Amino acid sequence: MDFLGLKTLTLIQNTLALMKKRGVSLAEEDIPETDPRTFSMLGEGKSTSVFQFESDGMQGVLRQAKPNRIEDLIALNALYRPGPMDNIPQFVDCKLGRKPISYPHPSLRPILEETYGVIVYQEQVMQATQILAGYTLGGADILRRAMGKKKLEEMAKQRALFIAGCKATQGLGEREANEVFDLLEKFAGYGFNKSHAAAYSVVAYRTAWLKANYPAEFMAANLSNEINNTDKLTQYISEARSM
């Protein structure tokens, strides 16, 4: 387990406390998750001071992708790192309907639909192995780790098991099974853990919601949070003025 001390959690609590002084009493877990105003703000790249989404690069990605649900934020959070970043254009084009969504195999549609056909998460690699080759999830995790660590001897063994499993489970031929194995191997090397990305993205969305709906309280809490960080303080004063 990885326990993080995040200033963002203090920021959320302080914003809610300031809102309460104005007569708006709201628990953090009651922040609505489908707020159009929040997603509109994010789609314009106005994510300065939003947890995980405030870098210039991420602001550009938000403007391209126009996220409209938390699942999009989870995927972008997982994709925005070296390696997976190469798949952002495909994700964006398929999300916005500029390119048709395609799947490595029709049976993978249920697990890849929410990421528009792009394999993003370690969990998707494991589920794909389970669906195509009949692995248990425990066995799929062993395969995922072997792929991620590039253990050649283990990989050769797993490839043979995978091909045999694909034939028995889905009737796939050796060539097609090899192609899918190569694809999964590519993504397993840098796939991100979905549960981690989801936890981060819920916190990110909540900060974005507060910024979009209670900007004065949110920016006041931000300035208090960064009172000893001259660079951030200057940046956030500028942001507050621009808002």
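Visitor: Which residues does Phe218 touch, not counting residues up to four places away in sequence?
Guide: This is a predicted model. In it, Phe218 touches Leu11, Thr15, Ser49, Thr207, Leu210 and Lys211. Contact here means heavy atoms within 4.5 Å. Phe218 belongs to helix H12, residues 215-225.

Visitor: Why does Phe218 count as buried?
Guide: Buried means under 20% relative accessible area. Phe218 has 0% relative accessibility, so Phe218 counts as buried.

Visitor: How far apart are Phe218 and Met19 in sequence and in space?
Guide: They are 199 residues apart in sequence. C-alpha to C-alpha, Phe218 and Met19 are 8.9 Å apart in space.

Visitor: Which residues in H12 are buried, and what do they pack against?
Guide: Glu217, Phe218, Met219, Ala221, Asn222 and Asn225 are buried in H12. The buried residues of H12 pack against helix H1 (7-21), H11 and helix H13 (230-242).

Visitor: Why is H4 called roughly antiparallel to H5?
Guide: The H4 and H5 axes cross at roughly 160°. Angles over 145 degrees count as roughly antiparallel. That is why H4 is roughly antiparallel to H5. H5 spans residues 88-95, and the two axes come within 11 Å. The crossing of H4 and H5 is left-handed.

Visitor: What classes of residue make up the contact of H4 with H5?
Guide: Asp72, Ala75, Leu76 and Leu79 in H4 meet Ile88, Phe91 and Lys95 in H5. Of these residues, 5 are nonpolar, none polar and 2 charged.

Visitor: How many disulfides does a search of the whole structure find?
Guide: The search finds 0 disulfides. A disulfide would need a pair of cysteine sulfur atoms within 2.5 Å.

Visitor: Why do Cys94 and Cys166 count as buried?
Guide: The cut-off is under 20% relative accessible area. Cys94 has 6% relative accessibility, so Cys94 is buried. Cys166 has 0%, so Cys166 is buried too.

How values were computed:
Residues numbered from 1 in each chain as written. Predicted model: local features only at pLDDT ≥ 70, side-chain atom pairs only at ≥ 80, totals over all residues. Heavy atoms only, no water. Buried < 20%, exposed > 50% of the residue type's maximum accessible area, 1.4 Å probe, protein only. Helix = DSSP H or I, 4+ residues; strand = E, 2+ residues; numbered from the N terminus. Axes fitted to C-alpha atoms, helices over the stretch in contact; angles between N-to-C directions. Parallel < 35°, antiparallel > 145°, perpendicular 65-115°, else oblique. Left-handed = near helix turned anticlockwise from the far one by under 90°. Nonpolar A, V, L, I, M, F, W, Y, C, P; charged D, E, K, R; others polar.
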